[in-house]
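Dear colleague,

I am handing over the structure below, together with notes on what turned up in it. Please read the notes with the model open beside you.

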Amino acid sequence: MKERKSVKFNLQQQLYQNGHLSPFNLAKLLDPDASWDKDQLGDVLHWIRQVVALACGLLWGTIPLVGGIWIIVFMVISSGIIYAYYAMILKIDEEEFGGHGALLQEGLFVSIMLFLLAWILLYSLAHF
């Protein structure tokens, strides 16, 4: 089984180098046996956090929710999703990627800004 995966990986590497295959496939996102480098995992965590930020910002603005507690709720939800993704779905060793702090911080500040932007804009446009 390992030999088959190795042959498939080598074939994918050759095709990618020749320009015939994309460098990333979606099946890798849920595969706990996939190998990740630090940049790839950081990019995936960053974009997951951005999607969560946009969804929460739009939801918070639509409901309409007000108050600082909802920023903390967003951060808990966002960090919980990121933690669940890398610890439970991918089952990676976080120490290889700089520890929990580095992984949980990936894309955090940008996502807070996106969350606030979406929340404030939608709340202001829809309720005033």
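**Around Trp 60**

Leaving out residues up to four places away in sequence, Trp 60 touches Leu 65, Trp 70, Val 73, Phe 74, Ile 77, Phe 115 and Trp 119, where contact means heavy atoms within 4.5 Å. This is a predicted model, in which local features need pLDDT of at least 70 and side-chain atom pairs count only at pLDDT 80 or more, while totals for chains, interfaces and linings use all residues. Residues are numbered from 1 along each chain as its sequence is written, and side-chain values use heavy atoms, with hydrogens and water left out.

Trp 60 is buried, with a relative accessible area of 6%, whereas Trp 70 is partly exposed, at 27% (buried means under 20% relative accessible area, exposed over 50%, and partly exposed in between, with a 1.4 Å probe and protein chains only). From Trp 60 to Phe 115 the C-alpha to C-alpha distance is 9.1 Å, although the two are 55 residues apart in sequence.

**Aromatic pairs**

The structure holds six aromatic pairs; rings of Phe, Tyr and Trp (its six-membered ring) pair if their centres lie within 6.5 Å, and planes under 30 degrees apart count as stacked, over 60 as edge-to-face and the rest as tilted. One of them is formed by Trp 60 and Trp 70, which are edge-to-face at 6.0 Å centre to centre, with 90° between the planes. Trp 60 lies in helix H2 (residues 38–62) and Trp 70 in helix H3 (residues 69–89), so this pair ties together parts that are 10 residues apart in sequence.

The ring centres of Phe 74 and Phe 115 are 4.2 Å apart and their planes are at 5°, so this pair is stacked. It links distant parts of the chain, with Phe 74 in helix H3 and Phe 115 in helix H5 (residues 108–127), 41 residues apart. Both Phe 74 and Phe 115 are buried. Ring pairs join Trp 60, Trp 70, Phe 74, Phe 115 and Trp 119 into a cluster.

Glu 94, in the loop between H3 and helix H4 (99–105), is buried yet has no salt bridge, and the nearest side chain of opposite charge, Lys 91, is 13 Å away. Here a salt bridge is a side-chain nitrogen of Lys or Arg within 4 Å of a carboxyl oxygen of Asp or Glu; Lys and Arg count as positive and Asp and Glu as negative, with His and the chain ends not counted. Neighbours within four places in sequence aside, Glu 94 is in contact with Tyr 86, Gly 99, His 100 and Leu 103.

**The chain as a whole**

The protein has five helices and zero strands, where helices (H or I, at least four residues) and strands (E, at least two) are DSSP runs numbered from the N terminus. Buried residues make up 27% of its 128 residues. Of the contacts with a separation of 6 or more, 70% are between residues 24 or more positions apart.
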